[in-house]
Amino acid sequence: MKNHSMDDLVSLCKRRGFIFQSNEIYGGLQGLYDYGPLGVELKNNLKKSWWKSMIYERDDIEGLDSSILTNRLVLKYSGHEDTFTDPLVDCKSCGERFRADQVPDYCKKEDLTEPRNFNLMFKTNVGPIEDDNSFAYLRPETAQNIFTNFKNVLDSSPHKLPFGIAQMGKAFRNEITPRNFIFRVREFEQMELEFFVNPGDDEDWHKKWTDIRLQWWEDQGIKGDSIELYHVPPDELAHYSKATVDIMYRYPHGLEELEGIANRTDFDLGSHTKGQRDLNINAQVSENTQSNAKLAVQDLETKEWIVPYVIEPSAGVDRGFLAILNEAYQLESLENGNSRIVLALKPHLAPIKVAVMPLKKNELSIVEKSMNVKNQLQKTIDGRVLLENTGNIGKNYRKNDEIGTPACITVDFQTLEDSTITIRDRDSMKQERVHLEEVRAYLNENYRI
Ligand code: ATP
């Protein structure tokens with residue numbers, strides 16, 4: 001059991017500049033958060049790690065960065081206009097609105113209205129004329145424009161099935177009750193892969209991707225006992241899904257979905273393709289009279305056209321951020337009777353890789369040497385190296401423990417004489433004296449940075 005609460009995480013995030021409430025000086029806007037100087041680093045590192053595992057470390061996935069504003073036809077044929085809804089109820093006693101499955105205990109059943117469907121998509125106007133036909137949606141998921149680009153990517157890169165297209169970026173949902181900090185928000189980021197396979201190979205690939213994704217979360221520092229798999233029962237499956245496994249994480253507020261891995265069959269390409277009648281589509285799709293692209297691949301031997309099945313691992317960046325923060329946060333009792341907060345982040349995720357600090361802030365020669373050390377290190381380190389120039393070493397160590405900096409380097413008088421510095425390890429708090437010429441190799445060896 002962890003001995004901290006969501007409030008402890010929220011407080012750390014604000015105090016150290018990870019996450020702020022959005023629009024706070026005007027009273028905020030519900031369900032929106034801003035990532036501050038350290039938050040943006042951690043978030044980018046998480047996304048970079050996902051991208052590396054998807055695109056760079058495999059040969060069967062291509063990347064994409066598509067537009068957020070989306071033609072309404074995309075979301076008509078995807079089914080979102082009709083089905084991307086949550087059941088909304090009003091409480092006649094307190095006057096508030098809730099998602100029907102998230103009504104708080106203080107509302108009595110007899111005070112609730114019958115649930116009605118509320119569409120979660122945000123609309124906006126495109127172009128100077130505002131009428132019923134000039135609107136577009138802000139995408140509610142990154143997936144749809146992967147499907148609409150299926151042919152573009154396939155025609156411009158040499159892939160045969162199985163292969164995937166991956167994308168990360170913002171998604172927008174007008175959640176009825178945003179809550180639990182960055183867990184459920186109205187503007188968030190997703191990391192989604194659509195992996196196209198031959199029908200018949202889908203069940204194997206679904207299992208494979210579940211294992212790959214579990215391992216990846218573990219590599220980000222999430223321990224196995226914080227995670228549970230939820231095999232979604234048939235009566236809870238989304239209409240397009242043949243099978244879905246949710247990766248559930250033990251958040252401070254409870255066990256909830258971090259990532260969903262769905263077998264979406266040929267529903268997506270089947271819905272967006274032209275010439276549906278000539279293709280052998282298994283999923284129940286509505287008739288598409290407006291698409292101009294054939295979203296299918298030809299079997300070179302049989303010459304038959306195949307609409308690929310899709311396996312979709314879909315993860316939330318913000319939910320990943322919160323899980324990683326929760327997992328890394330530790331309140332430690334020290335031998336001297338004091339305690340410290342330490343964020344035991346994996347070095348590749350840490351917002352600051354190394355902090356360089358002069359022992360004395362008014363000693364020009366030491367400060368200049370520190371700047372020089374910082375600048376030299378920054379040239380080869382992928383991530384931020386921070387110059388801490390407050391001169392209070394104890395405070396600097398405490399701060400860097402709290403923000404998860406794996407190593408702190410102190411420049412002192414001895415550095416000026418023999419070019420050695422001390423490196424202090426975040427987790428063990430041990431210090432070692434290392435020659436400047438060996439620092440880079442030392443960091444690489446001990447922290448892979
Ligand atoms: P939930 O049931 O919790 O509303 P969902 O099943 O609707 O989530 P998906 O449509 O499967 O979510 O979206 C894929 C991923 O996107 C989720 O696993 C989650 O990590 C993330 N996500 C979805 N909605 C939100 C949100 N409102 N805020 C933050 N992340 C979200």
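Of the 449 residues of the chain, 37% count as buried. The model is a predicted one, and the exercises below move from the whole chain to single residues.

**Exercise 1. State what the chain contains in helices and strands, and what share of its contacts joins residues at least 24 apart.**

Solution. Begin with the secondary structure, which comprises 13 helices and 24 strands. Next take the extent of the chain, whose C-alpha atoms fill a box of roughly 80 × 65 × 50 Å along the principal axes. Finally, consider the contacts between residues at least 6 apart in sequence, of which 62% join residues at least 24 apart.

**Exercise 2. Describe how the chain is divided into domains, and identify which helices supply the side of domain 1 that touches domain 2.**

Solution. Domain 1 covers 6-84 + 120-325, while domain 2 covers 350-447. The centres of domain 1 and domain 2, taken over C-alpha atoms, are separated by 39 Å. Turning to the contact itself, six residues of domain 1 meet five residues of domain 2. On the domain 1 side, α1 (6-16) and α2 each contribute at least two residues, and α2 has the largest share, with four residues. Sorted by class, that side of domain 1 has three nonpolar, one polar and two charged residues.

**Exercise 3. Determine whether helices α2 and α9 are roughly parallel or roughly perpendicular, and name the residues through which α2 and α9 meet.**

Solution. Two packed helices are described by the angle between their axes together with the distance between those axes. For α2 (residues 37-56) and α9 (residues 317-328), the axes come within 10 Å and cross at roughly 110 degrees. Angles of 65 to 115 degrees count as roughly perpendicular, and α2 is therefore roughly perpendicular to α9. The residues that meet are Leu42, Lys43, Leu46 and Lys47 from α2, and Val317, Gly320, Phe321 and Ile324 from α9. By class, this contact has five nonpolar, one polar and two charged residues.

**Exercise 4. List the buried residues of helix α11, and say what they pack against.**

Solution. In α11 (residues 393-403), the buried residues are Asn396, Tyr397, Asn400, Asp401 and Ile403. Their packing partners are the helices α1 and α2 and the strands β19 (339-343), β20 (352-358), β22 (407-411) and β23 (420-425). After α11 comes Gly404, which has a positive phi near 85 degrees.

**Exercise 5. Decide whether Cys13 is buried or exposed, and name the residues in contact with Cys13 beyond its neighbours within four places in sequence.**

Solution. First locate Cys13, which is found in helix α1. A residue is buried if 20 or more other C-beta atoms lie within 10 Å of its own; Cys13 has 22 C-beta neighbours inside 10 Å and so counts as buried. Once its neighbours within four places in sequence are left aside, Cys13 is in contact with Phe18, Ile19 and Gly39. As for Ser419, which lies 406 residues from Cys13 along the chain, the C-alpha atoms of Cys13 and Ser419 are separated by 36 Å.

Definitions and conventions:
Residues are numbered from 1 along each chain as its sequence is written. This is a predicted model: local features need pLDDT of at least 70, side-chain atom pairs count only at pLDDT 80 or more; totals for chains, interfaces and linings use all residues. A residue is buried if 20 or more other C-beta atoms lie within 10 Å of its own, exposed if 12 or fewer, and partly exposed in between; C-beta atoms are placed from the backbone. Two residues are in contact if their C-beta atoms, placed from the backbone, lie within 7 Å. Axes are lines fitted to C-alpha atoms, for helices over the stretch in contact, and angles run from 0 to 180 degrees between N-to-C directions. Angles under 35 degrees count as roughly parallel, over 145 as roughly antiparallel, 65 to 115 as roughly perpendicular and the rest as oblique. Ala, Val, Leu, Ile, Met, Phe, Trp, Tyr, Cys and Pro count as nonpolar, Asp, Glu, Lys and Arg as charged, and the others, Gly among them, as polar. Domain bounds come from an automatic or database domain assignment.
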